[in-house]
Protein chains: 2
Amino acid sequence: MPEEYYEDLYEEIDELTEEKNYSKIRSILSDMAATDVALLFERFSAEKYTLLFRILPKEFAAECFVEMDTDMQRALVEAFSDAELGYVVDKLFIDDTVDIIEEMPSGIVKRILAQATPEKRSMINQLLHYPKDSAGSIMTTEFVELKPDMLVSEAFCRIRETGLKKETVYTCYVTDSERRLIGVVTVKDMILGGDAAAVGELMETSIISVNTHDDKEDVARSMDKYDFLAIPVVDNENRLVGIVTFDDAMDVISEEDTEDIERMAAILPSDKPYLKTSIFETWKKRIPWLLLLMISATFTGQIISGFEDRLAAVSVLIAYIPMLMDTGGNSGSQSSVTVIRGLSLGEISFSDFFRVLWRELRVSVLCGVTLAAANFVKLILIDRIAFGNTELSYAAITTVCLTLVATVIISKLVGASLPMLAEKIGFDPAVMASPFITTVVDALSLLIYFRFATMILNT
Amino acid sequence: MPEEYYEDLYEEIDELTEEKNYSKIRSILSDMAATDVALLFERFSAEKYTLLFRILPKEFAAECFVEMDTDMQRALVEAFSDAELGYVVDKLFIDDTVDIIEEMPSGIVKRILAQATPEKRSMINQLLHYPKDSAGSIMTTEFVELKPDMLVSEAFCRIRETGLKKETVYTCYVTDSERRLIGVVTVKDMILGGDAAAVGELMETSIISVNTHDDKEDVARSMDKYDFLAIPVVDNENRLVGIVTFDDAMDVISEEDTEDIERMAAILPSDKPYLKTSIFETWKKRIPWLLLLMISATFTGQIISGFEDRLAAVSVLIAYIPMLMDTGGNSGSQSSVTVIRGLSLGEISFSDFFRVLWRELRVSVLCGVTLAAANFVKLILIDRIAFGNTELSYAAITTVCLTLVATVIISKLVGASLPMLAEKIGFDPAVMASPFITTVVDALSLLIYFRFATMILNT
């Protein structure tokens, strides 16, 4: 929804609040999507949105609560009576409750757990124990479980009895007497099969499932690959313990992409939207890499210092340092970012190491030669003829162009191999992106430049 | 699935092919997911996978066909008899057919269209006319349409009659006599409502829909935001013309993120996986930005040349050029990438321009001061005392540190504002990322450096 939509609505609701026309407010808000109500509430003060929240129909209020950000949820929980809190907790899905609990201070967590039924409390506690970023941490324990000898009509009765509280009913899971997963059946198959068919005949028995300890990004990417609405999560004994649904998988993909992008820009990943992060927190996410890269860039400075005397003799070479460093950095980034994305989408793995290097070698030769040719023409036509820079000898031009080719080749090889090596030793490859590669490549390109200068210009 | 899984399977199937044990092959392949069969086939020669494809059960063969890459699809279509092609085309969903047609040479397109039923052909032609990247281009016209006066039992009959050919049956669309969308009803609501309830009572009438010409990325992001399984697509008269399903939305999100990441690394976006792109194509995607950025970096060189004589006087300053340029580039990238990601997730819009700049200003002052302080300590303790570099006067140290603060502030402001301005004038903000920002910031940081040097050192 566009910005103006919320703005207009904000004014309307604000006016109605002044007039105490609560029934009108209730009817407007009830017609909106829960996500939009949560976004709208952000525009109000804590006092006002607490009032508005209490006007909402109870069931819908719980839906809106899930969509709110942590600060707003906390303010509401603090304002709630125990009865109000109990009602909301009762309506939440287990996985949403766990997500909320993970962000709340311990005092509020205690109040939330106290309001949950003993059964729900034990499920919450179980989910809280799975490692961060594991399939277990994003799964829900609310799914429809069927037995193979049920008829479709019985299965539908079962869904009708329990389905309202289940996160998805469209994929149902068939288990044996020991709760081991033996099949999956979709509601579509059951509708097409008709009331009299048995679940066991309709179910699909070649099942793709994941383990509770699998990485949540891998789980989400495979749901994307197989177009699954939900994927079953089993423990080490193949007992069904939960499911991951497509909406959580979409969130994981979007979050993981944001994290990769942040890491590639030398920012420590943050899980809050930019405009909601405090200035100090933003600083904390950005300064570590800036400091580290600043220190490493001083080595590049040392290289220049080491050649200072010789540079003074052929000072025309200094002017091409930024061009060589930047082109090297850009070439390296292109390769590293391509490889990082390939790794995270699962298109490339470490076993492709030499295949990737061989590709990059050929691409880098093509790129290096093209850039050197363009640069050669530019140095002759513009720098020498148009600007009459006679200090720029053919030997100097050769030095610049040869350095360019060598720098591009080395940058691309370094850029492509570092992320794969990082992945191999268990680091996040996204860290090996532009800023890091640039720093490494800057030093390398200068060393090459000065080496060529010494050889060709005898300085 | 891990690499070894496909490798082992490849060997097994290859052996069975030699032995002509086709029934065993058929039973192994039929138990696999269509996506995995497509990935497995990539390991075989065209001749072999055409043979294997013909062994598959016909219905399943069509599912596998959709999952294959364009080259393989083309090879298969060329090998198909008209009857075989007709069977596959008949089993494909409309949106998948359109995707395949868009990638095929015109000779094959004609053969595919000739095999489609007249009704299907007209739908394909209609979908082919929507602009690239529009909601119309990714929607499917196969959805279940209901009328408000139908009972749930009638609706289920309707799904049973037509549902097998519909891409999703879980969200059904209720239209009036002029096919205008008046409500949405889920299969879950219908199961819970029971056979005797009317569709009109169960349906949700506050509908979120999109227009055929809306941008597909916006559509996918709002499906993610609202956790929708499918979203209805209407024309300008609010007539229902199609739906976009969650699996296509997940693909769009993943593709758009890849595109953004590629643009941020100065690569022209490509829609093929890295290892399947030819060397020449990879070169074509990378060289334009490298050339452009190389040319612009020469301006930075001009700035150095302009100050060459003065630099020769205080040559100690040269050694800090890479550190200043890199730190400026990194600081600017952090801000630009944060803003680009915020824009593409819809967390930031142009109306936040001044709010963003004010945040970046405060963050940049914090970062700049921290970096300058660390650098000050390093220059004194390491460069002056440990390395005994007495040429490095306190005036020179002050110049370096003040430049650092100014560079970081300016880089962050430039980095944050360029993407927003690009978005405002209709450019893709992702282009304003690291490489572009680095080039701009390099020049700025040198100008600041030399200005401070002139003022403080009187060179």
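Predicted model: local features only at pLDDT ≥ 70, side-chain atom pairs only at ≥ 80, totals over all residues.
Residues are numbered from 1 along each chain as its sequence is written, while chains are lettered from A and ligands numbered from 1 in the order in which they are written.

The contact between the chains draws 88 residues from chain A and 88 residues from chain B, where two residues are in contact if their C-beta atoms, placed from the backbone, lie within 7 Å. On the side of chain A that touches chain B, helix 17 (residues 279-306) of chain A supplies the largest share, 15 residues; helices (H or I, at least four residues) and strands (E, at least two) are DSSP runs, numbered from the N terminus. That side of chain A divides into 45 nonpolar, 25 polar and 18 charged residues. Because 100% of the interface residues of chain A are also interface residues in chain B, the copies meet through the same surface.

Within chain A, the axes of helix 19 (residues 321-344) and helix 21 (residues 394-424) come within 8 Å and cross at roughly 30°, which makes helix 19 of chain A roughly parallel to helix 21 of chain A (angles under 35 degrees count as roughly parallel, and 65 to 115 as roughly perpendicular). Eleven nonpolar, eleven polar and two charged residues form the contact of helix 19 of chain A with helix 21 of chain A. Helix 3 (residues 34-41) and helix 5 (residues 58-67) of chain A pack at an angle of about 65°, with their axes 8 Å apart, and are therefore roughly perpendicular to each other. Among the residues making this contact are A:Val37 of helix 3 of chain A and A:Phe60 of helix 5 of chain A.

In chain B, an open sheet of three strands has the order 1-2-3, with mixed pairing; two strands pair if DSSP finds at least two bridges between them. Its edge strands are strand 1 (145-146) and strand 3 (181-186) of chain B, each of which pairs on one side only. Strand 2 (residues 171-175) of chain B pairs with strand 3 of chain B in the antiparallel sense over five bridges, and B:Val174 stands opposite B:Gly183 in strand 3 of chain B.

Key:
Axes fitted to C-alpha atoms, helices over the stretch in contact; angles between N-to-C directions. Parallel < 35°, antiparallel > 145°, perpendicular 65-115°, else oblique. Nonpolar A, V, L, I, M, F, W, Y, C, P; charged D, E, K, R; others polar.
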